[in-house]
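Okay, thanks everyone, let's get going. Have a look at the screen while I bring up the model.

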Amino acid sequence: MIDFLDLAEVNRPIASQLNNAMLKVIERGDFILGQECEGFEQAFAKYIGVKHAIGTGSGLDALTLIIRALDLPAGSEIIVPANTYIATILAILHNQCIPVLAEPSPITYNLDMTRLAEYLSERTRAVIAVHLYGQVSDWKAIEKFARENDLALIEDAAQAHGAIYAGRKAGALGDAAAFSFYPTKNLGALGDGGMVTTDDDELAQNIRMLRNYGKGRTGDSELLGWNSRLDEIQAAILSVKLPYLDSNNNRRRAIARQYQELIRHSSIQLPLAIEPSAHVWHQFVIRTSQRSDLVRHLEDKGIKTAIHYPVPPHQQPVLCQHYRLVSKQHQLPISPKQAARYSLDMQLPDSDILPITERLSSEILSLPMNAALTDEQVRCIAQAIDSW
Ligand SMILES: *Cc1c(COP(=O)(O)O)cnc(C)c1O
């Protein structure tokens with residue numbers, strides 16, 4: 001029996017350290033925006049190599065606050081990979097902006113740089129590069145594209161804690177980056193949490209205010225803020241876990257290498273690491289056109305897998321409410337009010353405009369990947385796959 005991910009197992013080796021960290025916070029009696037959050041923000045900023053790190057309540061909030069702080073006009077278009085997690089898209093919609101869904105590369109699963117120009121319009125204001133599955137997007141090309149077209153560049157680094165591009169860490173590449181500390185991420189809390197990283201002083205100051213009711217120095221609300229803070233207990237836990245991030249990522253790399261060497265099945269496409277020492281393998285995603293059959297075969301052998309993600313954002317009901325779109329089964333009428341709010345008088349994609357995204361979502365399969373997996377278990381999974 002091999003679970004896809006057993007978080008109790010993952011956290012067990014440091015359970016007593018986590019316990020002590022939580023007890024310290026309980027005894028101090030300070031739970032919101034105290035010394036733990038500040039200490040972890042400083043440690044994380046240093047680790048990523050940026051001036052500012054601002055803790056938030058979640059990764060979704062980190063993304064939402066970045067876009068808010070950029071102060072883009074309503075109806076601005078933001079180019080985003082169509083195969084991302086729904087959170088990236090929700091952050092755009094919450095800001096009355098339009099997600100322009102771009103096809104990923106079927107090799108790296110990140111934005112296909114050869115096609116980005118197709119998605120440009122006079123209303124494009126930003127690009128969100130999602131470092132999917134733990135591999136940084138083609139940054140040199142993205143930077144050039146953003147510079148040439150005067151676009152803000154946001155990183156969704158929720159799956160890429162510790163990933164590297166040309167010597168710089170994910171989170172230090174764009175104008176600002178969002179991290180998630182959801183428990184399953186490479187650096188995971190024991191609850192929700194997120195972080196914005198940036199070198200921009202003004203953006204950082206704005207996001208600090210926005211996460212805390214828009215309060216400025218005097219404590220008066222100056223901006224239309226939210227309540228989205230990284231709480232002291234989660235910050236204390238993350239401070240315990242941060243020093244283990246690199247060794248855990250190295251363990252993930254070793255597991256990925258083992259999978260790459262052992263899985264030989266001719267109907268399976270293995271993932272590609274452009275730079276093996278830079279990938280942090282949030283997920284190890286294989287592809288096959290007979291996925292449901294493979295899932296059943298592995299389940300019979302007691303091995304659990306997962307899919308990231310089975311339904312792409314453009315086929316989810318929420319997008320159909322905001323978009324004139326896609327899957328007939330979910331299609332809902334757009335009220336004039338919504339259309340006006342989201343400036344939906346524009347041309348939006350029809351159903352077969354994202355064939356690569358749709359094909360990937362039907363073929364991808366995530367194998368177990370976490371630092372607690374043993375070599376023996378990895379061998380067992382690889383053997384089970386090759387016996388399919
Ligand atoms: C997890 C994740 C998020 C959202 O983070 P939460 O902390 O769960 O809100 C955003 N983008 C991507 C790519 C993610 O994997």
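Predicted model: local features only at pLDDT ≥ 70, side-chain atom pairs only at ≥ 80, totals over all residues.

Let me start at the ligand: how far from an oxygen atom of the ligand does a backbone N or O atom of Gly 59 lie? The value is 2.8 Å, and I'm calling that a polar contact, a pair of N or O atoms within 3.5 Å, where within protein one must be able to donate a hydrogen and the other to accept it, and residues adjacent in sequence count only if both atoms are side-chain atoms.

Quick housekeeping before I go on. Residues are numbered from 1 along each chain as its sequence is written, and side-chain values use heavy atoms, with hydrogens and water left out.

Leu 60 brings a polar backbone atom to 2.9 Å from a ligand oxygen. Gln 159 uses its side chain instead, with a polar atom 2.8 Å from an oxygen of the ligand. Taken alone, the ligand exposes 380 Å², and the protein buries 92% of that (Shrake-Rupley areas with a 1.4 Å probe; for residues, only the protein chains shown count as cover).

What surrounds the ligand? There are 14 residues, the closest being Gly 59, Asp 156, Gln 159, Ser 180 and Lys 185; to be near, a residue needs a heavy atom within 4 Å. By class that shell has 6 nonpolar, 6 polar and 2 charged residues. Here Ala, Val, Leu, Ile, Met, Phe, Trp, Tyr, Cys and Pro count as nonpolar, Asp, Glu, Lys and Arg as charged, and the others, Gly among them, as polar. Helix H4 (59-70) and helix H5 (86-94) are the elements that give two or more residues to the shell. Helices (H or I, at least four residues) and strands (E, at least two) are DSSP runs, numbered from the N terminus.

His 308 and Tyr 309 are joined by a cis peptide bond, omega about 15°, and Tyr 309 is in the loop between helix H10 (291-300) and helix H11 (317-322).

Which residues other than glycine have a positive phi? One of them is Tyr 109, near 70°, in the loop between strand S3 (98-102) and strand S4 (124-130). Trp 281 is another, at about 45°, in the loop between helix H9 (245-262) and strand S10 (284-287).

Buried or exposed? Tyr 109 counts as buried because its relative accessibility is 4%, and Trp 281 does too, at 3%. The cut-offs: buried is under 20% relative accessible area, exposed over 50%, partly exposed in between, with a 1.4 Å probe and protein chains only.

Thr 197, in strand S9 (residues 194-198), has a relative accessible area of 0%, and a polar atom of its side chain lies 2.8 Å from the backbone oxygen of Gly 171. Ile 364 is in strand S11 (residues 364-367) and is buried at 3%. Arg 229 sits in the loop between helix H7 (201-210) and helix H8 (232-241), and with 19% it counts as buried.

That's my tour; over to you.
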